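Below is a predicted model of a protein chain. The questions that follow ask what the terms used for it rest on.

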Amino acid sequence: SDKFPDKTDLFELLLWMYDVSGKKAEAIKELDEKIKIAPNAKYYFLRGYKGYSMNANSKEALEYYKKALELEPGNYDANWEYGRIVYNESYSEYSNLSATQQKAKKEQYIETWKDAKQHLMIATENSEYTKDDKILLLGNLKNVCIMLGEESNAQMYDDQIKALKAL
C-alpha cells in the first residue's frame, strides 16, 4: 500500500519504501533474510502477504500464513488472509465443477469453508481494523456463511456491514 505506515519499526519502513518504489522483489528478499535471522509470526505473515500481492501464489502464501499461525495462533492478519484465500480458492474450484461433481464433493468443500470461517472469525476480534477493512472482512464471512447454508449468520453479517456503512 502507498499509505505511510502508522506504527512502524525501521524494518517495516524499509519494506514500505521498497513497496512504494516498485521494488517488491527486494522487500521479499529482505523478509527472507529477516526470517532466517529472527523468525516470528509478523515476518512470516508479511512474507506471505507480499509474495501473494506480487505473484498471486496462494500455495506459497498459505504456507507462510500457517507458519505465522503456528507461532501466533491469534494473529489477526494471518487468520484473515489465510481464511480469505482458502475460501476464495475453494469457492472458485467448486463453482467450476459440474452439478454432479459439486454434489459428490460438497462435504469436502464444506469442511474447507468451515476452516476458512474459523480463521475469519478470529480476525473479527481485531478492534484496530479500519471501517473499510471491517466491511471487507464481514463480507468474507457473509459469503462463507452463504456457502455453508447458514442464512441467519449471513444475514447477521450483512446487517453489520450495513450498520458500518451507515456510520
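Q: What does the accessible surface of the chain come to, and how much belongs to carbon and sulfur atoms?
A: The accessible surface is about 9900 Å², and carbon and sulfur atoms hold 51% of that area.

Q: What makes up the secondary structure of the chain?
A: The chain has eight helices and zero strands. Read from the N terminus, the order of elements is α-α-α-α-α-α-α-α. The C-alpha trace spans about 50 × 40 × 30 Å along its principal axes.

Q: Why is Arg 47 called buried?
A: Buried means under 20% relative accessible area. Arg 47 has a relative accessible area of 7%, so Arg 47 is buried. This residue lies in helix H3. Not counting residues up to four places away in sequence, Arg 47 touches Ile 28, Leu 31, Asp 32, Ile 35, Glu 60 and Tyr 64.

Q: What share of the chain is made up of buried residues?
A: Of the 167 residues in the chain, 39% are buried.

Q: What makes a set of residues a nonpolar core, and which members of the largest one touch the most others?
A: The members must be buried residues of the nonpolar kinds that define a core, joined through side-chain atoms within 4.5 Å. The largest such core here has 44 residues, and Tyr 65 and Trp 113 touch the most other members. At least two residues of this core come from each of the helices H1 (10-20), H2 (24-37), H3 (41-55), H4 (58-71), H5 (76-95), H6 (99-123), H7 (131-147) and H8 (151-166). In soluble globular proteins, nonpolar side chains tend to be buried together.

Q: Which residues is Trp 113 in contact with, leaving aside its neighbours within four places in sequence?
A: Trp 113 is in contact with Tyr 87, Ser 90, Tyr 91, Tyr 94, Val 144, Met 147 and Leu 148. To count as a contact, heavy atoms must be within 4.5 Å.

Q: How much of the contact set joins residues 24 or more positions apart?
A: Such pairs account for 49% of the contacts with a separation of 6 or more.

Q: Which residues line the second largest pocket?
A: The lining consists of Ser 58, Lys 59, Leu 62, Val 86, Glu 89, Ser 90, Glu 93, Gln 108, Tyr 109 and Thr 112. H4, H5 and H6 each supply at least two of the lining residues, and H5 gives the most, with four. The space in this pocket is about 170 Å³.

Q: How does the lining of the second largest pocket divide by class?
A: There are three nonpolar, four polar and three charged residues in the lining.

Technical notes. Residues numbered from 1 in each chain as written. Predicted model: local features only at pLDDT ≥ 70, side-chain atom pairs only at ≥ 80, totals over all residues. Heavy atoms only, no water. Buried < 20%, exposed > 50% of the residue type's maximum accessible area, 1.4 Å probe, protein only. 1 Å grid on protein atoms, 1.4 Å probe; cavity = no way out; pocket = protein on both sides within 12 Å on 5 of 7 lines; lining within 4 Å. Points joined across faces, edges and corners; volume = space filled by probe spheres on them. Nonpolar A, V, L, I, M, F, W, Y, C, P; charged D, E, K, R; others polar. Areas by Shrake-Rupley, 256 points an atom, 1.4 Å probe, with all protein chains shown as cover.
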